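Here is a short briefing on one protein chain. Please keep the sequence and the model open side by side while reading.

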Amino acid sequence: MNTEDNSPKGLSRRDFFKGSAFVTVGLVSGGFLANYKMPEFFTMRLTQEKTLYQLTLMPLIFPVNCYLIEEENGLTLIDAALSFGFKDILKASEKMDKPITKIVLTHAHGDHIGALDQLKQTLKDVPVYVSQRESRLMSGDTTLDADEDNLPVKGSVPKNLLTRADVLVKDGDQIGSLLVVSAPGHTPGSTAYLDTRNNILIVGDAFQVRGGLAVAGQIRPLFPFPALATWNKKAALESAHKLRNLDPSVLATGHGNILVNPLKAMDEVIAQAENALKSK
Ligand SMILES: [Zn+2]
């Protein structure tokens, strides 16, 4: 799809995300690329699909997504990417001329909560929603419940996050247009959100698209990181079935492009993951 045409208010994403290039360049290169005239390569990318705006940091090298969901009177931010995405997230909301009124988390890994503290400093009254189970990870607590498989919680669990959830949600709750769908596996409290207006499904890392579509835990050599950070492959597979059975029109993941009409591809990778687990 042509993201230029779909940029909010017809503005070029290239123009309004220019700022992040320089932050990113400094971060990634320690400054040696500082004079390289290239914003396009590192800038945050914006892609729209109906009510969904995908914001992607480092789209070409290590894509990290967060999402803005457009509601009538405001925007719901799903996940908070990395710390240097902070200004771009606010800038996107400014350009769309709508305030961020809710922040919702799929899970608490570092690349999904990176800008959360900074956002909360600016958006003091905006409530943060997270599943009850995942809220423990926000304070660095990786202990398991008695009924959970005894496997280590992996990935970058935050150590110094200041922000805590304002609202604890559970499967079946509604947040604006979003239905809360519990999807454990990648982490014990991973949660997906279904936009009930159009069946767009935002899944965090329950699936990945970068490196090839995969259920959490299935290694894709070109982008193995989400699999390496996955807690429980069996639970992830059960959640993948559950998410597929919602018949999403669009699959929006933490890493990789938006996938339109994803059902056939989801069926294929779910079958693959099933066979891999069986052959163990
Ligand atoms: Zn993750």
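Gly212 is partly exposed, because 15 other C-beta atoms lie within 10 Å, and a residue needs 20 or more to be buried. The model is a predicted one. Gly212 sits in the loop that links strand E12 (207–208) to strand E13 (214–215).

**Around Gly212**
- Gly212 is in contact with Arg220 and Leu222, leaving aside its neighbours within four places in sequence.
- Gly256 is 44 residues from Gly212 in sequence, yet the two C-alpha atoms are 8.6 Å apart in space.

**Gln272 in H10**
- Gln272 belongs to helix H10.
- Gln272 also counts as partly exposed, because it has 14 other C-beta atoms within 10 Å.

**H9 against H10**
- Helix H9 (residues 233–244) packs with helix H10 (residues 263–278) at an angle of about 155°. Their axes are 10 Å apart.
- H9 is therefore roughly antiparallel to H10, since angles over 145 degrees count as such.
- The crossing of the two helices is left-handed.
- On the H9 side, the contact is made by Lys233, Lys234, Leu237, Ala240, His241 and Arg244.
- On the H10 side, the partners are Leu263, Met266, Asp267, Ile270, Ala273, Glu274 and Leu277.
- By type, the residues of this contact divide into 7 nonpolar, 1 polar and 5 charged.
- An α-helix has 3.6 residues a turn, so residues three or four places apart point the same way.

**Overall make-up and core**
- The protein has 10 helices and 15 strands.
- Of its 280 residues, 47% count as buried.
- Take the contacts between residues at least 6 apart in sequence: 64% of them join residues at least 24 apart.
- The largest nonpolar core holds 70 residues.
- Which members of this core touch the most other members? They are Tyr67, Leu77, Ala192, Leu201, Val203 and Ala252.
- Val203 touches Thr106, Ala183, Ala192, Leu243, Leu251, Ala252 and Thr253, not counting residues up to four places away in sequence.
- Two of these partners of Val203, Ala192 and Ala252, are themselves among the core members that touch the most others.

**Helix H4 and its end**
- In helix H4 (residues 86–96), the buried residues are Phe86, Asp88, Ile89, Ala92, Ser93 and Met96.
- Just after H4, Asp97 takes a positive phi of about 65°.

**Positive phi in two loops**
- Met58 is not a glycine, but it has a positive phi of about 45°.
- Met58 lies in the loop between strand E2 (52–57) and strand E3 (64–71).
- Is Met58 buried or exposed? Met58 counts as buried, because it has 21 C-beta neighbours inside 10 Å.
- Asp79 is not a glycine either, and its phi is positive at about 75°.
- Asp79 lies in the loop between strand E4 (74–78) and H4.
- Asp79 counts as buried, because 28 C-beta neighbours fall inside 10 Å.

Key:
Residues are numbered from 1 along each chain as its sequence is written. This is a predicted model: local features need pLDDT of at least 70, side-chain atom pairs count only at pLDDT 80 or more; totals for chains, interfaces and linings use all residues. Axes are lines fitted to C-alpha atoms, for helices over the stretch in contact, and angles run from 0 to 180 degrees between N-to-C directions. Helices (H or I, at least four residues) and strands (E, at least two) are DSSP runs, numbered from the N terminus. Angles under 35 degrees count as roughly parallel, over 145 as roughly antiparallel, 65 to 115 as roughly perpendicular and the rest as oblique. A crossing is left-handed if the near helix is turned anticlockwise from the far one by less than a right angle, and right-handed if clockwise. Two residues are in contact if their C-beta atoms, placed from the backbone, lie within 7 Å. Ala, Val, Leu, Ile, Met, Phe, Trp, Tyr, Cys and Pro count as nonpolar, Asp, Glu, Lys and Arg as charged, and the others, Gly among them, as polar. A nonpolar core is a set of buried Ala, Val, Leu, Ile, Met, Phe, Trp, Tyr and Cys residues joined through C-beta atoms within 7 Å. A residue is buried if 20 or more other C-beta atoms lie within 10 Å of its own, exposed if 12 or fewer, and partly exposed in between; C-beta atoms are placed from the backbone.
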